Amino acid sequence: MIREIPEFNIIGEPMKTVIIYHSHSGRTKQIAEQIQTRIQADMIEVSPRQAYTSLMVYPKGCYRAMKGLSDEIIPDRIDVSGYDLVIIGSPVWAGKPTPVINGAIGALTGSSGKTACLFVTCGAQVSGEEAAGVFRTRLQEAGLRVPGEAVFDKKGVQDKKLLESFVSVIKSASGGE
C-alpha cells in the first residue's frame with residue numbers, strides 16, 4: 001500500500017535526503033538499501049543500546065512496541081537539520097513501530113518543519129497499515145510533515161512495482177519528479 005498526499009508535492013532542486021531505519025531481521029535494511037540505490041541519500045542505521053536476546057526480542061520487544069515505549073538507541077542523537085527530506089523505516093512488532101524507531105523519533109533534532117516519508121515492513125498488510133498510522137502520528141508530533149508512506153508486507157518486500165511506486169512518492173516529495 002502506498003499513500004501520497006498530493007498537496008505536499010513541490011517543484012525545485014532535489015533535496016538533501018537521509019534514510020533512517022531500524023532492522024531486526026534484515027528486511028527493513030533491504031528496503032532502505034533498495035531505496036538508496038534509486039535516490040541519492042545518506043543512511044543511518046539505528047540499533048538498540050541494549051540488544052534484545054533471541055529469546056526476548058519478541059516477548060519484550062513486542063510488549064514495548066504495543067505500549068509505545070522507546071529504547072535507548074545508537075546513535076543517541078540524530079540531527080536532521082542539514083536534510084530537507086527524511087525517509088524513516090521500521091519493522092512492525094505487534095502492529096506498531098519498534099521501540100528502537102520510537103527511540104529514533106525521540107532522538108531527532110532539527111526536525112521541525114521537515115518533510116518525511118515512512119515505510120514499514122511486516123508480515124501482514126493490516127498490521128502494517130496499523131503501524132504506519134501510529135508511525136505517521138509520531139512523526140507529525142515530532143514536527144515532520146508526512147506526504148507519503150508505504151507498507152511492505154511479506155510479499156511486498158519482493159514487489160519491485162511497490163518499491164518503484166514508493167520511490168516515485170519520495171522523488172515527488174523531494175522535487176525530483
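A residue is called buried when under 20% relative accessible area is left to it, as computed with a 1.4 Å probe on the protein chains only. That cut-off is used in the legends below, which describe a predicted model.

**View 1. Helix α3 is mostly covered by the rest of the protein**. With the cut-off above, eight of the nine residues in α3 count as buried. The buried positions are P99, V100, I101, N102, G103, A104, I105 and A107, and the helix itself runs over residues 99–107.

**View 2. Helix α2 has its buried residues along one face**. In this helix, which covers residues 57–66, the buried residues are V57, G61, C62, R64 and A65. When the helix is seen down its axis, these buried residues fall within an arc of 160 degrees, and therefore they line one face of α2. Among the elements that cover the buried residues of α2 are the strands β7 and β8, the latter formed by residues 96–97, together with the helix α3. Just after α2 comes G68, a residue whose phi is positive, at about 75 degrees.

**View 3. The second largest pocket is lined by 15 residues**. Of these lining residues, R27, P91, V92, W93 and T121 lie nearest the centre of the pocket. Two elements, the helix α1 (27–38) and the strand β7 (85–93), each give two or more residues to the lining, and β7 gives the most, with three residues. Sorted by kind, the lining is made up of six nonpolar residues, eight polar residues and one charged residue. The volume of this second largest pocket is about 210 Å³.

View 4. Along its principal axes, the C-alpha trace spans about 50 × 35 × 25 Å. Of the 177 residues, 51% are buried.

Note on methods
Residues are numbered from 1 along each chain as its sequence is written. This is a predicted model: local features need pLDDT of at least 70, side-chain atom pairs count only at pLDDT 80 or more; totals for chains, interfaces and linings use all residues. Side-chain values use heavy atoms; hydrogens and water are left out. On a 1 Å grid over the protein atoms alone, a cavity is a set of points where a 1.4 Å probe fits but cannot get out, and a pocket is an open set with protein on both sides within 12 Å along at least five of seven lines; lining residues have an atom within 4 Å of a point. Grid points are joined across faces, edges and corners, and a volume is the space filled by probe spheres set on the points. Helices (H or I, at least four residues) and strands (E, at least two) are DSSP runs, numbered from the N terminus. Ala, Val, Leu, Ile, Met, Phe, Trp, Tyr, Cys and Pro count as nonpolar, Asp, Glu, Lys and Arg as charged, and the others, Gly among them, as polar. Buried means under 20% relative accessible area, exposed over 50%, partly exposed in between (1.4 Å probe, protein chains only). The arc is that of the directions from the helix axis to the C-beta atoms. Contact means heavy atoms within 4.5 Å.
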